[in-house]
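Subject: Structure handover

Hello,

Here is the structure I promised to pass on. Please open it beside this email and follow along as you read.

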Amino acid sequence: MASNISLISLAIVALALFVSVQGTLGGIECEHLSHDTCAFAVSSAGKRCVLEKHVKRTGEEAYTCKTSEIEADKLKDHIESDQCIKACGLDRKSFGISSDSLLESRFTQNLCSPQCYQSCPNIVDLYFNLAAGEGVFLPKLCEAEGANARRGMAEIKSSGSVAPGPVRSVQFTANPPEPLNAMEFTAEPVVAPAYPPY
């Protein structure tokens, strides 16, 4: 009986120690990540980490990891796996966060591949939001993948069309943004000031 109480007491102490250490260590802080784990990571606050490059006065390159203002959807304390980086055609040394890569057909093919699109929700969420910021619905862009992906994105951007739902069976879905209402502007005629005669 005494040994059971000792075991229970030991288990309680171990659990309390684990919880206190976990609380002390906290989660992921972008500023504490190395340049090999920074890109595509998400902090404990749900903010995306970005890798920045600085050139010192000596000409030496230095890398720092910073917390961006961009929030990840329902994701915290996440360092992207090497499998997803490879499957999505990304690079650990990616600087900043930009939608420019969506114009590259090779990148779009990787992003829209089942290995990336269905298995890497962190990356898909990031590029879904980047595409939406450009007025493009990512599933529609994936539909236009292949040799015509660049032209497809240009056409989608110029037409402003939005797909009603996912193009194929995928785990990641989202609702397209609602269109903005047109605003009415009125301007009063410009009246030249009256100058006194000379």
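Phe95 sits in the loop between α2 and α3. Helices (H or I, at least four residues) and strands (E, at least two) are DSSP runs, numbered from the N terminus. A word on the source: this is a predicted model, where local features need pLDDT of at least 70 and side-chain atom pairs count only at pLDDT 80 or more, while totals for chains, interfaces and linings use all residues. Residues are numbered from 1 along each chain as its sequence is written, and side-chain values use heavy atoms, with hydrogens and water left out.

Is Phe95 buried or exposed, or in between? Phe95 counts as partly exposed, because its relative accessibility is 40%. The cut-offs are these: buried means under 20% relative accessible area, exposed means over 50%, and partly exposed is in between (1.4 Å probe, protein chains only).

Which residues does Phe95 touch, beyond those up to four places away in sequence? They are Leu51, Glu52, Lys53 and Tyr63. Contact here means heavy atoms within 4.5 Å. Phe95 and Glu52 are 43 residues apart in sequence, yet 5.5 Å apart in space, C-alpha to C-alpha.

**The chain as a whole**

The chain has seven helices and two strands. From the N terminus on, the elements run α-β-β-α-α-α-α-α-α. Of its 198 residues, 31% count as buried. Take the contacts with a separation of 6 or more: residues 24 or more positions apart account for 57% of them.

**Ser99**

Ser99 also has its place in the loop between α2 and α3. Ser99 counts as buried, because its relative accessibility is 12%. Leaving aside neighbours within four places in sequence, Ser99 is in contact with Leu130 and Glu134. The side chains of Ser99 and Glu134 are joined by a polar contact of 2.9 Å. A polar contact is a pair of N or O atoms within 3.5 Å; within protein, one must be able to donate a hydrogen and the other to accept it, and residues adjacent in sequence count only if both atoms are side-chain atoms.

**His54**

His54 is found in strand β1 (residues 47-55). His54 is partly exposed, because its relative accessible area is 36%. Its contacts, leaving aside neighbours within four places in sequence, are Glu60, Glu61, Ala62 and Thr64. The side chains of His54 and Thr64 make a polar contact (3.2 Å). These two residues are ten apart in sequence and 7.9 Å apart in space, C-alpha to C-alpha.

**The nonpolar cores**

In soluble globular proteins, nonpolar side chains tend to be buried together. A nonpolar core is a set of buried Ala, Val, Leu, Ile, Met, Phe, Trp, Tyr and Cys residues joined through side-chain atoms within 4.5 Å.

The largest core has 25 residues. Those that touch the most other members are Phe40, Leu90, Leu102, Leu111, Ile123, Tyr127 and Leu138. At least two residues each come from α2 (82-87), α3 (105-112), α4 (114-117), α5 (121-133) and α6 (138-143). Which element gives the most to this core? That is α5, with seven residues. Apart from this core lies another, of eight residues, among them Ile28, Cys30, Cys38 and Leu51.

Now look at α3. Phe107, Thr108, Leu111 and Cys112 are buried there. These residues are on the same side of α3, because they cover an arc of only 125 degrees around the axis. The arc is that of the directions from the helix axis to the C-beta atoms.

Phe40 is in the loop between α1 (2-25) and β1. Phe40 counts as buried, because its relative accessibility is 8%. Its phi is positive, about 70 degrees, although Phe40 is not a glycine.

Asp77 lies in the loop between β2 (61-71) and α2. Its phi is also positive, about 50 degrees, and Asp77 is not a glycine either. Asp77 counts as partly exposed, because its relative accessibility is 41%.

Best wishes
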